[in-house]
Amino acid sequence: MQLDTIIIGGGFAGLSAATYLGRARRKVQVLDTGKPRNRFSSASHGFLGQDGRAPLDILSDARFQLKSYPTVSVRTTAAQSAQSKSDGFSVGLDTGETLYTRTLILAFGLHDTLPDIPGLAARWGISVLHCPYCHGFEYSDRSLGVLYRNEMSVHQAQLITEWGPTTLFLNGHELTTEQSGLLIQRGVQIEPRPLAALEGEGTNLSNVRLQGGHAVEIEALYVAPQSAHASPLAAQLGVKVEETMMGPLIVTDDTKMTSQPGVYAAGDIARAPHSVSWAVSDGVTAGTAVHRAVVFGK
C-alpha cells in the first residue's frame, strides 16, 4: 500500500503535521524513536494553553488524540533509509520492512552535543538551559551564567541580562575589544578562566568551579549546544543543508518543502531559533502543504 505521506519523527512538528493530514483523511504513517530533543526538561513553557506541562505528557496526549483519525498510524520504530522512486519514495525501517509513500515529511529533530564539563550534562534541561524564552522566567533575578562557545555567545549573554545579573564564562576563549565593550554596556561580568565543574545539590546549580579552585555563584547556566541531525535521511535524500554555527539547517521554502520535490522538513531541523510553538506551526505548514500537493498532483 502506498501512503500519502510518511512523517519521520513524532515530536511536536511531526504530530502536528499528522493531525492536519488526519483531518484531511489522508493515509499517514508516523515513525518515531520516542526520544524527543526536549525529553530532559520537566516543563515546557510558552506553548499556548500548555504552559508548564511536561513535554512528554503533551506528546502523549497528542498521540492519544491522533487515534481519532483512522487513516493515521504511529509506530515506535526508526527509519534507517529513504530513497526517491518514480512515483514517490521508499523508506526502510529498522525492522527490515519497506514502506512506500507519495511524499515525505522530515521531522526527526536534532541531537545535542554538550560541552564536556563535569556536572553539566546531568543538569541539562533543568538548571543548564538553552532558551531563555522557554525557561528564563523561572530563574528571574537570580545569578545567571552563559558559557561561551562561539561569537553568538556574546549576543546570548547580552540578551540573558533581561532575566538577571549575568556572567559570561569564556572558558579560555578570548573576546575582541568591541565584544567586551558591548558586554560591559549591558552589565555582563566577564570570567576568562576555564571551567572545572558545575556544582550544586542534585540537579540544582549553585556555583561554577573554575580551574584553580575559585567558585562563582550562579543558579542557571545557558549553553548553546552543538547540534546534529538525529537521522541520516536528509543526507540520503540529498536535500540542501546549510551549516550554521549551531549545526545543520535543512533549507525549505515557505511551504516547508526542501530542495527535493515531495520532501518536506519541519521543526528544529529546518528553522532557527527553536521552540515548541514554532515546531507546531511548522508542522501545520508542512502538513497542509503536503495535502495540497497530493490533491493537485504537485
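Modeller: Just after H7, glycine 297 takes a positive phi of about 70°; helices (H or I, at least four residues) and strands (E, at least two) are DSSP runs, numbered from the N terminus. This is a predicted model, in which local features need pLDDT of at least 70 and side-chain atom pairs count only at pLDDT 80 or more, while totals for chains, interfaces and linings use all residues. Residues are numbered from 1 along each chain as its sequence is written, and side-chain values use heavy atoms, leaving out hydrogens and water.

Colleague: How far apart are the end C-alpha atoms of helix H7, and what should its residues span?

Modeller: The expected span is 1.5 Å times one less than the number of residues, so the 21 residues of H7 (276-296) should span 30 Å, and the end C-alpha atoms, 30 Å apart, agree with this.

Colleague: Is phenylalanine 12 buried or exposed, and what makes you say so?

Modeller: Buried means under 20% relative accessible area, exposed over 50%, and partly exposed in between (1.4 Å probe, protein chains only); phenylalanine 12 has 10%, so it is buried, and phenylalanine 47, at 18%, also counts as buried.
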